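I wanted a quick pass through this model before doing anything else with it.

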Amino acid sequence: MSVKFANCHIKHRQLIGLKRKPDITKAKSLLCLTMSFFLMGPVLFTGCKPPSNPKASEQLNFSPSGGKSIETVTDKSRPDFNTVLVDGIEMLEARGEVGQFGGTFYENQIGDGPKTFNLLASTDATSSKVGGMLFSGLVSTDAYSGNVYPLMAKTVTVSSDKKTYTVTLRKGLRWSDNKPVTANDVVFTWNRIIKAGLGNASFRDTVLVDGKFPTVRKVDDLTIVFETDKPFAPFLRNLSSPIYPKHIVSSVVDKGNAAFSAFWGVQTAAKNPEAFVGCGMWVLEKYIPRQTVVFKRNPHFFMVDQNKDRLPYLDRYKISFVGDSNNQALQFEQGQSDIYSVPGNFVSRIRKLEKPAFNLYNLGPTSGTTFLAFNLSQRVTEKGVPFVPQPQSSWFNDVNFRQAINHAVHRQDIVDTILKGIGKPLYTAESLSSLYLNQGLAKGFEADLNESKALLQKSGFSWDSDGKLIDKNNVHVEFTLLTNSGNTEREAVGVSLQQDLAALGMTVNFKPIDFNVLIGKLNEGQWQTMIMGLTGSKIEPHGGANVWRSDGALHLFNQRDTSSQKTDEKMQTHLPWENQLDDLIARGAETFEIEERRNIYNKMQAIIYNQVPLIYLYSPINIIAVKSRIQNFDPTPLETVHNLEEIWIKKQSKNK
């Protein structure tokens with residue numbers, strides 16, 4: 001459930017055809033049910049029953065011109081998952097209609113492909129997607145109800161004090177190499193990988209309570225007990241972290257973080273795909289660097305359909321990597337992909353297509369966020385070189401400077417011109433689709449250059465005879481702005497910001513660069529400003545703890561060297577409002593009463609709104625195009641392709 005960097009703000013896939021729309025009223029009731037789970041004392045569950053008769057709610061208004069209609073997607077109820085015994089294995093039974101076996105599902109994504117296939121070491125959305133195809137967690141979130149349901153687990157029991165979670169694994173689970181899955185694998189994953197912060201430490205960050213990691217112990221081969229030091233509201237969802245095979249990974253873990261982070265990398269994927277062992281519905285068949293990754297069905301996956309036949313229906317899932325948004329749209333138009341997440345500026349173009357046969361879905365506002373980030377770090381390298389040079393570092397650390405830029409951004413122009421009206425301006429750290437959105441801040445403000453100039457003057461900035469902005473030392477304001485190349489939407493946003501800030505007399509050197517290079521600069525901490533996106537959750541804000549906590553692995557705007565033992569040195573760069581965020585994050589995680597929790601996250605958003613380490617820009621509407629040949633495709637506002645095991649391909653008639 002951790003937040004990860006999103007290569008592209010909208011997931012790049014392709015589709016069309018339901019009649020539902022986003023239902024925030026229902027989602028709020030789902031949240032109440034989810035939270036009441038913790039308030040009822042001891043609970044044993046094998047599924048979560050979603051509420052019935054949801055009420056429709058208002059959606060974002062947009063009316064793109066074109067031909068093909070866009071059907072609006074809302075929530076719908078489905079029955080609980082059932083556990084069924086098949087050949088001595090406790091299988092999870094899918095809920096969709098029975099389909100046909102065979103075929104390949106095709107998807108395209110912008111960029112050069114994954115940086116790793118090691119899901120627990122991933123920090124970007126592309127790597128997380130391909131790694132996520134190979135693994136499963138103990139639980140997952142139902143895309144229809146928002147409730148947690150057991151996945152690799154058969155049951156989870158929560159104690160009355162809400163501090164002890166007893167997990168019972170499904171009997172007969174197997175890794176893709178046909179070795180048994182046991183409690184040893186779970187304890188190993190949590191105590192040796194996640195607890196140590198190996199790979200992406202965000203998995204650890206999101207389960208720490210007052211800096212303490214939960215106790216994880218084995219009871220028997222199928223039973224594991226998790227104990228938190230205090231009641232911890234998000235913990236149940238965090239049991240969705242992937243489980244790794246101890247018999248494969250233990251020798252690598254013994255060698256430390258560098259070895260683990262390099263494990264299951266792209267070179268191994270290209271040369272030795274059979275080396276990857278997981279428990280997801282897929283195994284890796286082939287990887288061609290910067291071109292394609294092909295998965296084939298895992299014959300040992302633990303789900304069956306209603307005929308008790310083992311899923312998934314698909315034989316293969318193929319992802320191709322394309323250079324930019326234009327190529328991605330072109331490949332969909334030429335029938336080379338089955339699913340396409342349509343950027344706002346491409347909606348009109350896609351609606352006019354007659355072929356391939358496809359359906360369009362409106363899934364409501366995305367859960368991700370796009371923003372302009374400032375690097376506030378005042379760290380220096382071992383040679384004494386500042387990560388951010390002067391005077392840029394002083395400017396970025398001036399809240400008046402940041403707010404001046406915030407008030408100069410024409411968000412509505414970005415939505416109207418770049419997104420073609422398919423979205424809304426965003427001002428908060430929670431997305432417009434979040435159940436914890438601070439409604440008092442969501443409307444934001446109109447762009448106002450006079451307000452921006454007044455803020456700059458408060459900090460001693462002025463303008464020379466040519467209208468160029470200068471600081472109190474008469475230095476012309478100039479800095480570098482980065483984003484990932486190939487994402488035409490972000491590139492256009494960069495040009496828009498460049499123009500907005502030129503109106504203030506600032507010189508912005510805008511440089512789109514390769515996504516993996518961009519992430520490398522971000523990890524090194526040596527950058528100035530950046531347009532970036534983060535994935536998010538519509539129902540659990542604690543997933544952002546790794547961003548907002550001062551020692552979080554993705555605290556990108558003031559990244560610390562968490563490996564350093566010089567705690568006092570790290571504390572020197574703490575800003576007062578960062579400490580306030582640390583406190584609120586801890587309180588939010590320990591609070592179970594919904595309105596109290598909402599108040600806490602409202603305060604967090606207010607601090608971020610006022611301090612603006614990240615300037616939020618816009619929230620797109622998630623428009624998905626899907627070929628008509630794809631059956632059992634059933635997206636919800638919470639998740640687009642959540643039931644991949646049930647999806648099947650309608651065979652073409654021979655006389656067509």
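Below are my notes, topic by topic, on a model that is predicted.

**Cores**

I started with the nonpolar packing. The largest nonpolar core has 92 residues. I looked up which of them have the most contacts inside it and got Leu138, Trp190, Phe226, Leu239 and Phe295. Helix α3, residues 183-194, gives this core its largest share, seven residues. There is also a second, separate core of 69 residues, with Leu372, Val415, Met532 and Ile600 among its members.

**Helix α3**

Next I went to α3 itself. How many of its 12 residues are buried? I get nine, so I noted the helix as mostly covered, buried being under 20% relative accessible area. The buried ones are Ala183, Asp185, Val186, Val187, Phe188, Thr189, Trp190, Ile193 and Ile194.

I also did a length check. At 1.5 Å a residue, α3 should span 16 Å, and its end C-alpha atoms are 15 Å apart, which agrees.

Then I listed what tryptophan 190 touches, leaving out residues up to four places away in sequence. The list reads Lys195, Val207, Phe213, Pro214, Val216, Phe226, Phe235, Asn238, Leu239, Ser241 and Ile243. Two of the names there, Phe226 and Leu239, I had already written down for the core.

**Rings**

I count 34 aromatic pairs. I picked phenylalanine 135 with tyrosine 244: the centres are 4.5 Å apart, with 20 degrees between the planes, and the pair is stacked. Phenylalanine 135 sits in the loop between α2 (125-132) and β6 (139-141), and tyrosine 244 in the loop between α5 (235-238) and α6 (246-253), so this pair ties together parts that are 109 residues apart in sequence.

My other pick was phenylalanine 396 with phenylalanine 479. Their ring centres are 5.6 Å apart and the planes are at 85 degrees, so I put the pair down as edge-to-face. Phenylalanine 396 belongs to helix α11 and phenylalanine 479 to strand β22, so here the parts tied together are 83 residues apart in sequence. Both residues are buried.

**Charges over rings**

I noted two cases. Lysine 162 lies over the face of phenylalanine 592, 5.3 Å from the ring centre. The charged end of arginine 598 sits over the ring of tyrosine 436, at 5.4 Å from its centre.

Most peptide bonds are trans, and most residues other than glycine have a negative phi, so I went looking for exceptions.

On the cis side, I found the bond from leucine 311 to proline 312, with omega near 5 degrees. Proline 312 is in the loop between β14 (303-304) and β15 (316-322). The bond joining glutamine 390 and proline 391 is cis as well, omega about 5 degrees, and proline 391 is in the loop between β18 (369-374) and α11 (392-396).

For positive phi, I have lysine 420 at about 55 degrees, in the loop between α13 (411-418) and β19 (423-425). Asparagine 474 has a positive phi of about 65 degrees and is in the loop between β21 (469-470) and β22 (478-484). With a relative accessible area of 60%, asparagine 474 is exposed.

Methods:
Residues are numbered from 1 along each chain as its sequence is written. This is a predicted model: local features need pLDDT of at least 70, side-chain atom pairs count only at pLDDT 80 or more; totals for chains, interfaces and linings use all residues. Side-chain values use heavy atoms; hydrogens and water are left out. Helices (H or I, at least four residues) and strands (E, at least two) are DSSP runs, numbered from the N terminus. Buried means under 20% relative accessible area, exposed over 50%, partly exposed in between (1.4 Å probe, protein chains only). A nonpolar core is a set of buried Ala, Val, Leu, Ile, Met, Phe, Trp, Tyr and Cys residues joined through side-chain atoms within 4.5 Å. Contact means heavy atoms within 4.5 Å. The expected span of a helix is 1.5 Å times one less than its number of residues. Rings of Phe, Tyr and Trp (its six-membered ring) pair if their centres lie within 6.5 Å; planes under 30 degrees apart count as stacked, over 60 as edge-to-face and the rest as tilted. A charge sits over a ring if NZ of Lys or CZ of Arg is within 6 Å of the ring centre and within 35 degrees of the ring normal.
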